[in-house]
Amino acid sequence: MKKIILTGGGTAGHVTPNLALLPALKEHGFDIRYIGSYQGIEKKLIEGAGIPYEGISSGKLRRYFDIKNFSDPFRVIKGYQEARKILKTYKPDVLFSKGGFVAVPVVLAARHYKIPTIIHESDITPGLANKICIPSATKVCCNFPETIPYLPEDKAVLSGSPIREELLKGDRLSGLQYTHLSPDLPVILIIGGSLGSVRVNTAVRSILPKLLESFQIIHICGKEHLDDSLIGLPGYVQYEYVDKPLKHLFAAADMVISRAGANSICELLALRKPHLLIPLSAAASRGDQILNAKSFQKQGFSEVLEEEALDDESFLRAIQKVYHQREKYIHAMEQTHLNNAVETILNLIEDCIKP
């Protein structure tokens, strides 16, 4: 049987593309195992999918001063030794890494045993963990044309991001029934990221009376971000988090307002959902969401409203623009080839293990 190890962790964004690959890997006869950190978010997600999981020591590599900078290198070295032991025992044919700092010792251990390695970089500019791993990779997949110049020419593959197949199987009527909304008015779905966004939540609620004149709102606002005063407001439903019914909420939505994390926007692209992106500001991140959003805007997929320009007037104007020009955005998204990421990556994996 063909054997593959998947790795990646630290955030859900480093795990969900791996989850999206599972059905195709199983269909093609792969025996699958996963290496992650001892107690990272990836452990719960992967074990929930029924995949054998191995935990290793993991340390974060920082560009700034932190007292943990003195201890974390030893955790990385320990993780490297643990990863070598797992790889020596399991003898995989190939490794697929979605990144995050837990992936660094695994990729380096795979290099020691000359195991072919495919890396996926979600953002336009590679993060530090992937920068360390790229010299050990056989191929490096990416989501954006702008990423190609940052990668070795003989390794770069513009693949797009693997999308969970279940997201494509949503049902509009089921979404409306779940939310108790009407089929007679258009629906806007608002997603602020896995933890929610106070800035986006506040902006939405500030213009809510005006929005409800023309739209119904499904608001996924994040843990502990519900507004009790708005419970029961006609046309407005709010949730801290939605898991399995999310595919139905996407199907019910006529447009989406979202942050600009790479996995999130690739899902919107695959679903052909007209959307407005409000990227996380550069002051609160390394600016990757802004670059992601601008790339999608340049390709005609998205309308972008940067956080610094977010006020009631600009927000309403951007929402109206996306909704009234939604067919234009849908048409642009239909022209891209970046919706076959699972197939593209699976072919690369198969190529790596051919005699």
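User: Two strands pair if DSSP finds at least two bridges between them. On that basis, in which sense do strands β9 and β10 pair, parallel or antiparallel?
Analyst: Strand β9 (residues 216-220) pairs with β10 in the parallel sense, over four bridges. Helices (H or I, at least four residues) and strands (E, at least two) are DSSP runs numbered from the N terminus. This is a predicted model, in which local features need pLDDT of at least 70 and side-chain atom pairs count only at pLDDT 80 or more, while totals for chains, interfaces and linings use all residues. Residues are numbered from 1 along each chain as its sequence is written, and side-chain values use heavy atoms, with hydrogens and water left out.

User: Which residue in β10 is the bridge partner of Ile217?
Analyst: Tyr236 is the bridge partner of Ile217.

User: What is the strand order of the open sheet?
Analyst: The open sheet has six strands with parallel pairing, in the order β10-β9-β8-β11-β12-β13. The edges are β10 (236-239) and β13, each with a single partner strand, so one side of each has no neighbour in the sheet.

User: Changing topic: how many salt bridges does the structure hold?
Analyst: The structure holds 10 salt bridges, a salt bridge being a side-chain nitrogen of Lys or Arg within 4 Å of a carboxyl oxygen of Asp or Glu. One of them joins the side chains of Lys2 and Glu350, at 2.9 Å from N to O. Lys2 belongs to strand β1 (residues 2-7) and Glu350 to helix α14 (residues 341-352), so this pair ties together parts that are 348 residues apart in sequence.

User: And is Glu350 buried or exposed?
Analyst: Glu350 counts as buried, at 18% relative accessibility, whereas Lys2 is partly exposed, with a relative accessible area of 26%. Buried means under 20% relative accessible area, exposed over 50%, and partly exposed in between (1.4 Å probe, protein chains only).

User: What about Glu303, which residue does it form a salt bridge with?
Analyst: Glu303 forms a salt bridge with Lys321, and their closest N and O atoms are 3.2 Å apart. This pair links distant parts of the chain, with Glu303 in strand β13 (residues 303-304) and Lys321 in helix α12 (residues 312-324), 18 residues apart. Glu303 is buried at 14% relative accessible area, while Lys321 is partly exposed at 34% relative accessibility.

User: Where is Lys98 found?
Analyst: Lys98 sits in the loop between β4 (94-97) and α4 (103-112). Lys98 is buried yet has no salt bridge, the nearest side chain of opposite charge being Glu121, 6.3 Å away. For charge, Lys and Arg count as positive and Asp and Glu as negative, and His and the chain ends are not counted.

User: Which side chain does Lys98 make a polar contact with, then?
Analyst: The side chain of Lys98 makes a polar contact with the side chain of Ser122, at 2.4 Å. A polar contact is a pair of N or O atoms within 3.5 Å; within protein, one must be able to donate a hydrogen and the other to accept it, and residues adjacent in sequence count only if both atoms are side-chain atoms. Leaving out residues up to four places away in sequence, Lys98 touches residues including Thr7, His14, Asn18 and His120, where contact means heavy atoms within 4.5 Å.

User: Last one: which residues are buried in helix α7?
Analyst: In α7 (residues 198-206), Val200, Asn201, Ala203 and Val204 are buried. They cover an arc of only 165 degrees around the axis, which puts them on the same side of α7. The arc is that of the directions from the helix axis to the C-beta atoms. Among the elements covering these buried residues are β8 (187-191), β9 and α12.
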